[in-house]
Amino acid sequence: MSEHVTATYVIETSLPLMQAAETLAGEQSTGTFVRVERESDAVRARFAAQVVDLEELPLTGDSALPGTVGDPALRRRARMRLRFPLDNFGPSIPNLQAAVAGNLFEIKELAAVKLTDLDLPPAFAARYGGPKFGLAGTRERMGRPDGAMIGTIVKPSIGLSPAELAEVVGELAEAGVDFIKDDELQGNGPSAPLADRVAAVMPVLHRYADRTGRMPMYAFNITDDIHLLEANHDLVVAAGGTCVMVCINMVGLAGLAHVRRFTQVPIHGHRAMFGAISRSPQVGFSFRAWQQLARLSGADHLHTNGISNKFYESDDEVLASIADVRTPLDGIAETVPVLSSGQWGGLAHATYRAVGSSDLLVLAGGGIHGHPDGAAAGVESMRAAWASAERGESTAQALAASPELRRATERFGAVRD
């Protein structure tokens with residue numbers, strides 16, 4: 001038997017559940033709304049998607065997708081798995097997506113359909129390769145062999161001139177930060193073009209490295225039209241940069257894989273716009289399914305959100321996302337989970353206890369830049385809190401030992417135990 005991809009969905013429908021499952025399977029493989037002349041039994045045997053299993057679930061009460069047909073009183077919900085022959089699309093992520101997440105979202109017999117998981121054969125890892133650098137390569141280039149990697153986002157997100165950006169970067173470097181990144185809103189605009197930002201920032205980092213022997217990693221946002229990605233990358237590398245950032249959903253997974261082919265530095269994978277394909281419980285991708293494709297396509301770092309975040313995900317959802325990214329995948333290098341969104345030092349102990357590892361890149365924007373005593377104190381409050389958590393100390397011990405963490409609580413509230 002040839003290899004297969006197994007896709008898991010949660011669906012709602014007013015049709016009998018198996019009929020709805022078979023409708024989805026047919027639409028996404030050999031079928032259409034009627035059986036046609038050349039859809040022979042032999043074709044179906046080799047290429048049709050097959051229903052592996054179906055488990056009925058309780059209804060959630062969510063409203064139906066627009067255009068849904070059928071009697072709402074008959075609606076039922078189920079988790080289903082479909083098996084797609086690899087022969088249908090080969091180890092191609094764009095064509096895989098067309099099969100497991102293409103027209104199915106438009107099937108009017110389905111009141112809800114969400115792709116929640118993927119089980120992929122090794123052929124995908126063999127073709128795409130995953131991260132070139134991963135956790136080990138990131139730590140090596142960052143000069144942080146152990147412990148949580150403490151980073152920040154340039155704030156304000158946009159509006160700083162390249163000269164002002166250089167000042168901020170200098171302050172953060174002196175504060176001992178491990179990682180700095182452009183905001184996803186800062187691309188290659190006329191007010192602060194990528195070339196000007198690189199020219200302003202890299203001399204600051206090189207001077208710091210010449211004096212201390214260690215250079216913070218800066219992720220320049222190279223997101224752009226596909227034909228400009230390589231030139232943007234080369235601009236960063238030529239200046240001695242050690243990381244590039246790609247907004248994955250803006251260039252697509254194929255765009256990310258394109259960057260992976262030529263990159264000479266780690267790729268910081270930002271998930272901006274992910275909520276558009278995941279937030280609804282009725283339609284789209286789960287993070288668990290999507291992150292596999294992003295990792296295979298070459299993301300060395302991947303945003304997972306963080307606990308007590310400012311966005312919509314619960315702590316349980318965030319922790320599941322972190323665990324998903326840390327789960328081994330077909331022998332490829334480890335992708336670094338990136339925690340962000342409302343992070344500060346007071347979350348270190350709760351995060352470390354829940355995750356059980358400090359192989360994390362923890363980004364604090366406001367949590368560093370908004371510290372009452374400035375960014376340097378913000379970095380120190382993060383460093384002290386994470387070091388305390390890693391030593392197994394209590395939050396009370398951490399607060400007693402770090403004036404910067406105590407001052408942070410005045411702005412951000414109580415620490416989480």
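I looked up where they sit in the protein chain: the mean positions of its 38 positive and 49 negative charges are 1 Å apart. I am working from a predicted model.

Next entry, overall dimensions. I read the extent of the C-alpha trace along its principal axes as about 75 × 45 × 40 Å. I then checked the radius of gyration, which is 24 Å for the protein chain; a compact globule of 417 residues would have one near 22 Å, so the two agree.

Surface and interior. I noted that the protein chain exposes about 17400 Å², with 51% of that area supplied by carbon and sulfur atoms. Of its 417 residues, 54% count as buried.

Fold content. I found 17 helices and 13 strands in the protein chain. I also looked at contacts with a separation of 6 or more, and 76% of them are accounted for by residues 24 or more positions apart.

Helix 1. I asked which residues of helix 1 (residues 17-27) are buried. They are Leu17, Ala20, Ala21, Leu24, Ala25 and Gly26. I then looked for what covers these buried residues, and the cover includes strand 1 (4-13), strand 2 (50-57), strand 3 (76-85) and strand 4 (110-119).

Record check. I found that UniProt, in an unreviewed entry, places the feature "domain: Ribulose bisphosphate carboxylase large subunit C-terminal" at residues 136-411. In the model I see that this span is 49% helix and 13% strand. Its end C-alpha atoms lie 35 Å apart.

Technical notes: Residues are numbered from 1 along each chain as its sequence is written. This is a predicted model: local features need pLDDT of at least 70, side-chain atom pairs count only at pLDDT 80 or more; totals for chains, interfaces and linings use all residues. Side-chain values use heavy atoms; hydrogens and water are left out. Helices (H or I, at least four residues) and strands (E, at least two) are DSSP runs, numbered from the N terminus. The radius of gyration is taken over C-alpha atoms; the globule rule is 2.2 Å times the number of residues to the power 0.38. Buried means under 20% relative accessible area, exposed over 50%, partly exposed in between (1.4 Å probe, protein chains only). Contact means heavy atoms within 4.5 Å. Accessible areas come from the Shrake-Rupley method with a 1.4 Å probe; for residues, only the protein chains shown count as cover. Lys and Arg count as positive and Asp and Glu as negative; His and the chain ends are not counted. The place of a charge is taken as NZ of Lys, CZ of Arg, CG of Asp or CD of Glu. UniProt positions are given in the numbering used here, feature names are shortened, and annotations may be inferred rather than shown by experiment.
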